Amino acid sequence: MSREQKAVERARKAFLTGRSKSLEYRITQLKNLLRFVRERQNEIAEGLKKDLRRSEFGTPLYETLGLESEINLAVRKLKDWAAPRPVSKSMMTISDQVYIQPEPLGVVLVIGAWNYPWAVTIGPLIGAIAAGNAAVIKPSEVSSHTSKVMEDLLPLYLDKELYPVVTGGVTETQELLKQRFDHIFYTGNGTVAKIIMEAAAKHLTPSTLELGGKSPCYIDNNCDLAVACRRIAWGKYSNCGQTCIAPDYILCDPSIQDRVIEEIKKNIKEFYTEDPKKCLDYGRIINERHFKRLMALLEGSSVAVGGENDESECYIAPTVLRDVKPDAKVMQEEIFGPLLPVLTVSGADEAIKFINQREKPLALYIFSSDNKLIKRMIAETSSGGVLANDCLMHFSVSSLPFGGVGNSGMGRYHGKYGFDHLSHLRGCLIKQLKMEGVNKMRYPPHTADKLGW
Ligand code: NAD
């Protein structure tokens, strides 16, 4: 029996003991997870520094504070979320109990990605624990130092039978995928997502796919460009552009392109100094493969800002590309790096058309002072989420569902959405064995007389 198979079997056995169903037990595990996040800040930060050259402050800001707030919310709300949910009754059910009972699904497989390895692996785990499931945790092998921290330290805090960490690469993930799960929660790219779906189909396992895509950023002429470009520069170059909801490209009117580029340039300098390579707040590309992929995407585009790079350090400066054509190389795939193409369109109508001609993105960003225009763009496009006049911040709003649509994924999480998504919402109807007289119409023999027709 393989290591992966053993971990899944142990998790199932632990689930079948019923201990994860107890709300007190779930809350204890969530509190242990919170203690882990707080007590192990140093180890978490050290791993992220080695993997992504994440700064000291980047760890709490981009990973652990969000997790703490999600855990606190789940601990506070769990009793409400897990309680029976009464629903409306009809004349037929007026004297019955009619309600929805959330129940655990069973054993969930959580497969994480490397870019925010704690947020996208432990985030779904919070929902899985809160909903009363067992969960096998598979961190990404690409962020190998973080994966090791997870493997070594998480079992010191959590029930290791119910929530085992399984490390390894593609072979190990594929071995896991041969096992039967009750839900698979995958974060990563669309190509692997198809492999996940195929494996899931063999056991009819429902799956959540948190994917990426090219998230557009439209800047309207009627807009405070200084503020807009400041927020865009932050959203784009945080984590060196390796953010699933980073603005992938800018759409704006030709008349404001120069100012947009100037403003972004100004902010790059302010955030990361004249020499971002030396700046502690500026990260690195995760590995050489991605470095080469990104450098190849630059081919044929004209660099307006940045472009400096150093392969030995996987460093690419914050870069802006001007007058990019829709058929440019950089527009053919999700960038997932610090390259920001600017494309010109003749206004909101053309921007909407441009967005709708492409796959549905994970995020859509609209910068405008015109509320009517914002609402129109929301109504006339589709994306996983939409954020007007800022970047990334919708990820941190626990009362909003986070997830993709179409090519950017399926399913959702955060807050109660994570709980619901990893629960079975069981419809319950409890009738009395009294008042049999009212049922006479449904029993044969059916006659017009009995039915009153
Ligand atoms: P990755 O390479 O770390 O892969 C993720 C997981 O898939 C890993 O655990 C890995 O073991 C497994 N895997 C890889 N190849 C496999 C194969 N052939 N068979 C089975 N399993 C395999 O991550 P990635 O895909 O490079 O992550 C980047 C992508 O993730 C981007 O597209 C980004 O937009 C997306 N992403 C989405 C979200 C979100 O919340 N929607 C968050 C972060 C990243």
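Guide: Two strands count as paired if DSSP finds at least two bridges between them. The elements themselves are DSSP runs numbered from the N terminus: helices are H or I with at least four residues, strands are E with at least two. Keep in mind that this is a predicted model, where local features need pLDDT of at least 70, side-chain atom pairs count only at pLDDT 80 or more, and totals for chains, interfaces and linings use all residues. Residues are numbered from 1 along each chain as its sequence is written, and side-chain values use heavy atoms, with hydrogens and water left out.

Visitor: In which sense do strand 8 and strand 13 pair, and over how many bridges?

Guide: In general, strands of a sheet pair through backbone hydrogen bonds, either parallel or antiparallel. Here strand 8 (residues 249-252) runs parallel to strand 13, over three bridges; leucine 251 has leucine 343 of strand 13 as its bridge partner. Strand 12 (residues 319-322) also pairs with strand 13 in the parallel sense, over three bridges, and there threonine 319 stands opposite leucine 339. Strand 7 (residues 216-219) and strand 8 are parallel too, over four bridges, with tyrosine 218 partnered by leucine 251.

Visitor: What strand order does the open sheet have?

Guide: Its seven strands go 9-12-13-8-7-14-15, with mixed pairing. Strand 9 (302-305) and strand 15 (385-388) are at the edges with a single partner strand each, so one side of each has no neighbour in the sheet. On average, neighbouring strands are turned by 25 degrees against each other, direction ignored.

Visitor: Is strand 13 mostly covered or mostly open?

Guide: Buried means under 20% relative accessible area, exposed over 50%, partly exposed in between (1.4 Å probe, protein chains only). For strand 13 (residues 339-344), five of its six residues are buried.

Visitor: Which strands does helix 9 lie across?

Guide: Axes are lines fitted to C-alpha atoms, for helices over the stretch in contact (heavy atoms within 4.5 Å). Angles run from 0 to 180 degrees between N-to-C directions. Helix 9 (residues 225-237) lies across strands 7, 8, 12, 13 and 14 (363-367), at about 140 degrees to strand 13.
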